[in-house]
Amino acid sequence: AVVFFHKGEKVAVHKAGRNKDKIVQFARKLIDPTIISINTDDDLKQFQQKKQTKILGLFQDNKDSETETKTQFEQAANVLKEFYYFGIVKEESLLTEIIEENSIIKKYDDDIILMFREFSPNVIQIKNDSIIKEIQINAFPLYEEITLDNFYLYNERGLPIFWVIIK
């Protein structure tokens, strides 16, 4: 494990990915904002080019109040920041192309949360029930080689792991 400190206080512990690229990527995520604000097409393209799983939200709240879904999204971003990128789209028009390409996307209470997985071109829509749990379940491929780099992530999910040994 690599422990990160800021002004003498422990801020994070990196347990996954033991190569230099994974450690640098983790350190960069610590200094990035928890939620990236996406205001333009260029912001959206830059967000989609990130190499990890990304979660994107569009919330139809007014400036005076926040929706329960947005609050849950922000909580998920705070809890899962080290594993995923989170972004909030300010204008629905930025998502028009994605919504049209993925006909399965439907609006729930006018809020949309989308997950772009790094191992699959499919866009998954996260429902508003338990955002953290749904992200943790859907962020992993059904079948993958377990290594020192990813075992921690699978173990932290709290779901059973089925082992297949192939010679």
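Helices (H or I, at least four residues) and strands (E, at least two) are DSSP runs, numbered from the N terminus. This is a predicted model: local features need pLDDT of at least 70, side-chain atom pairs count only at pLDDT 80 or more, and totals for chains, interfaces and linings use all residues. Residues are numbered from 1 along each chain as its sequence is written, and side-chain values use heavy atoms, with hydrogens and water left out.

**Whole chain.** Colour by secondary structure. Along the sequence they run β-β-α-β-α-β-α-β-α-β-β-α-α.

**The core.** Select I55, F73, Y84, F86 and I135. They have the most contacts inside the largest nonpolar core, a set of 20 residues. Such a core joins buried Ala, Val, Leu, Ile, Met, Phe, Trp, Tyr and Cys through side-chain atoms within 4.5 Å. Now show α3 (68-80), β5 (85-89), β6 (112-116), α5 (131-138) and α6 (151-157), which each give two or more residues to this core. The largest share, four residues, is from α3.

**The negative patch.** Move to the surface. Select D41, D42, E97, E100 and E101, a patch of negative charge. Patch residues have over 30% relative accessible area and no salt bridge, with like charges joined within 9 Å. A salt bridge puts a side-chain nitrogen of Lys or Arg within 4 Å of a carboxyl oxygen of Asp or Glu. Both α2 (41-48) and α4 (96-101) supply at least two patch residues. The largest share, three residues, comes from α4.

**Last stop.** Zoom in on D41, in helix α2. D41 counts as partly exposed because its relative accessibility is 47%, between the buried limit and the exposed one, over 50%.

Conventions:
Patch = residues over 30% accessible without salt bridge, like charges linked within 9 Å, V, L, I, M, F, W, Y side chains within 5 Å. Areas by Shrake-Rupley, 256 points an atom, 1.4 Å probe, with all protein chains shown as cover. Lys, Arg positive; Asp, Glu negative; His and termini not counted. Charge placed at Lys NZ, Arg CZ, Asp CG, Glu CD. Buried < 20%, exposed > 50% of the residue type's maximum accessible area, 1.4 Å probe, protein only.
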